[in-house]
Amino acid sequence: MQRQPGRERSGGTDLEGLEVFTVFGETVDDETRCVHYKTSADVVAIRFYCCDRFYPCHLCHAAAADHAARQWPVARWTEQAILCGVCRRTLSITDYRSATRCPHCTAPFNDGCRAHAHLYFESPRP
């Protein structure tokens, strides 16, 4: 599969040495909340498989991207594709899917996001 050109980054690393990522879409704060999902636990952005860009949600991607979203294949779930908006650290899809909080800063994640997992990630085969 061919992806569109590389990750969009806003400046390399921050003062703490963490990689800085641009989050696309209609964000409403610095913790990746968007106009569609903005509860206190809506603090993740997902690096979309189709374009290698972080968006807060599938609706932000649909509104801003010039292509359809593609799901992450199960074989690629070890990639760092989830960004915690609180601490700005990434985690793998596998780690995210088994977590209720960020493993780095313990910020709670929205359990309701599991209802949309099929929009971002292929379903594992039984």
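Is arginine 33 buried or exposed, and what is its relative accessible area? In this predicted model, arginine 33 has a relative accessible area of 11%, and because buried means under 20% on this scale, arginine 33 counts as buried.

The side chain of arginine 33 takes part in two of the contacts described here, and each can be followed in the structure above. With aspartate 29, the arginine 33 side chain meets in a salt bridge at 2.5 Å, taken from N to O, and this aspartate 29 partner is partly exposed, its relative accessible area being 27%. With glutamate 31, the arginine 33 side chain forms a salt bridge at 3.0 Å, again from N to O, and glutamate 31, at 27% relative accessibility, is likewise classed as partly exposed. Side chains of opposite charge can pair when their charged atoms come close.

Another part of the picture concerns arginine 76, which is partly exposed at 29% relative accessibility, and whose side chain meets that of glutamate 79 in a salt bridge at 2.3 Å, N to O. For the structure as a whole, the salt bridges number 5, and among them are the arginine 33 pairing with aspartate 29 and the arginine 76 pairing with glutamate 79.

Conventions. Residues are numbered from 1 along each chain as its sequence is written. This is a predicted model: local features need pLDDT of at least 70, side-chain atom pairs count only at pLDDT 80 or more; totals for chains, interfaces and linings use all residues. Side-chain values use heavy atoms; hydrogens and water are left out. A salt bridge is a side-chain nitrogen of Lys or Arg within 4 Å of a carboxyl oxygen of Asp or Glu. Buried means under 20% relative accessible area, exposed over 50%, partly exposed in between (1.4 Å probe, protein chains only).
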